[in-house]
Amino acid sequence: MYINEMKLTNYRNYQDAEVAFSNGINVFLGENAQGKTNLMEAIYVLAMARSHRTSSDKELIQWEKDFAKISGRVQKKNSTFPLEIVLSKKGKQARFNHLEQKKLSSYIGNLNVILFAPEDLSLVKGSPSVRRKFVDMELGQMNPVYLHHLVEYQHLLKSRNLYLKQLSMKQASDLTFLEVLTEQMAVHGASILAERFLFVEQLQNWAQSIHQEISKQKEVLEINYYSTIPLDDPTNKDANYIQLMDTYKTNQTRELEQRTTLTGPHRDDLKFYVNGKNVQTYGSQGQQRTTALSVKLAEINLMQEMTGEYPVLLLDDVLSELDDSRQTHLLKAIQNKVQTFLTTTSLDGIEKNLIEAPRVFNIDQGQVEMESE
């Protein structure tokens, strides 16, 4: 899949911009603070109905404007359709093929994107929440059922934590309501766990061969899903439900004391191992970066395997963070296969022989100008 064109209205520092893209490599070129990342972010928002840089939609609306709009046309193998996101003080509207989508879970997945930014190089050494977000964002695009369970689980978790606090402070006393919240959360949690385990297994299958190639066959990568719940058969939803309910029952006294839900998918993590050693703890910076790159490249292949379409790749100032060898592997992996957008202040440090006929856009103070091809 790829984006043919995109139009921005009152979005960040873009008052009115319309851009036609190549289905190959597109380069956003310009000095810092001119709007390169804003343009990249707009593509992400068009796909995911949310920003990767802020949780506040208001920040995306140009100063003193009432709304911001992002619209684009997406090309898939057998169809072409418009997508549109409108942000305002009243909320957010998402339209697919001109029809408003009441639930964002029915909108997300029409345009699949993979974002690779410098902070993604900390996927391995960052906090568990970074890795959970990575799994949720990528799996949610490919699997609308997973996204539904995740949204419901997060809503129930918030309600359950609030009620635990009320019980602890003697502001409530009905344990039956706690049991209802717990049972509902376990239903959704069981499905989340099953889908996550399967996703990590498939991701590892792709990432292992990529990592071996980058490391010149010297290293073997393993990715393990670490659950706070002991699971005998992780891909069995019924077994997961029973184990979740047993664990919540065991932990209820502690959870009332601490006023929060102590175990479940919201506390889980991924562990990366190279040649049997935990990369987060014992890996060099080079090994950590190779692991992160291998995982990101594996995502491309996994999305194509699961959806039948290659995703759109967003490289936000990441090439400058990679050495020549890793940069070469990245660019070779995407050439003639994936529509790619990359931001940079200069093309000087990039292996130009690995980028075939890029479409270059000069970005200056919220203005976009395409270089002649």
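Helices (H or I, at least four residues) and strands (E, at least two) are DSSP runs, numbered from the N terminus. Strand E1, residues 2–11, pairs with E2 in the antiparallel sense over six bridges. Two strands pair if DSSP finds at least two bridges between them.

Quick word on the source. This is a predicted model, where local features need pLDDT of at least 70, side-chain atom pairs count only at pLDDT 80 or more, and totals for chains, interfaces and linings use all residues. Residues are numbered from 1 along each chain as its sequence is written, and side-chain values use heavy atoms, with hydrogens and water left out.

Back to that sheet. It is open, with six strands in the order E2-E1-E4-E5-E6-E7 and antiparallel pairing. Strand E2 (14–20) and strand E7 (99–100) are at the edges with a single partner strand each, so one side of each has no neighbour in the sheet. Helix H1, residues 36–48, packs on this sheet and touches E1, E2, strand E4 (67–75) and strand E5 (80–88). Contact means heavy atoms within 4.5 Å. The direction of H1 makes about 110 degrees with that of E1. Axes here are lines fitted to C-alpha atoms, for helices over the stretch in contact, and angles run from 0 to 180 degrees between N-to-C directions.

Stay in E2 for a moment. Is Glu-18 buried or exposed? Glu-18 is found in strand E2, and at 60% relative accessibility it counts as exposed. The cut-offs: buried is under 20% relative accessible area, exposed is over 50%, partly exposed is in between, with a 1.4 Å probe and protein chains only. Leaving aside neighbours within four places in sequence, Glu-18 is in contact with Met-6 and Lys-7.

Next sheet. Again open, again six strands: E8-E12-E13-E3-E14-E15, with mixed pairing. Its edge strands are strand E8 (113–116) and E15, and each pairs on one side only. On average, neighbouring strands here are turned by 20 degrees against each other, direction ignored.

Two pairings to look at. Strand E12 (residues 312–316) and strand E13 (residues 340–344) run parallel over four bridges. Within E13, Phe-341 is the bridge partner of Leu-314. Strand E14 (residues 359–364) and strand E15 (residues 367–370) are antiparallel, also over four bridges. E14 and E15 form a hairpin with two residues between them, and Gln-365 in the turn has a positive phi of about 50 degrees. H1 turns up here too: it lies across E3, E8, E12, E13, E14 and E15, at about 150 degrees to E13.

Now two helices. Expected span is 1.5 Å times one less than the number of residues. H7, residues 285–307, has 23 residues and reaches 33 Å from first C-alpha to last, close to the 33 Å expected. Gly-308 follows H7, with a positive phi near 85 degrees. H3, residues 144–168, has 25 residues and should span 36 Å; its end C-alpha atoms are 36 Å apart, which agrees. The buried residues of H3 include Tyr-146, His-149, Arg-160 and Asn-161. They pack against helix H2 (128–142), H4 and helix H5 (237–258).

On to cores. A nonpolar core is a set of buried Ala, Val, Leu, Ile, Met, Phe, Trp, Tyr and Cys residues joined through side-chain atoms within 4.5 Å. Of the 66 residues in the largest one, those touching the most other members include Phe-199, Leu-315 and Ile-334. Helix H4, residues 175–214, gives the largest share, 14 residues. Apart from this core lies another, of 42 residues, among them Ala-17, Phe-28, Leu-46 and Phe-361.

Last, aromatics. Rings of Phe, Tyr and Trp (its six-membered ring) pair if their centres lie within 6.5 Å; planes under 30 degrees apart are stacked, over 60 edge-to-face, the rest tilted. The count is nine aromatic pairs. Phe-21 and Phe-28 are tilted: 6.3 Å centre to centre, 50 degrees between the planes. Phe-21 and Phe-361 are edge-to-face, at 5.9 Å and 80 degrees. Ring pairs link Phe-21, Phe-28, Phe-341 and Phe-361 into a cluster.
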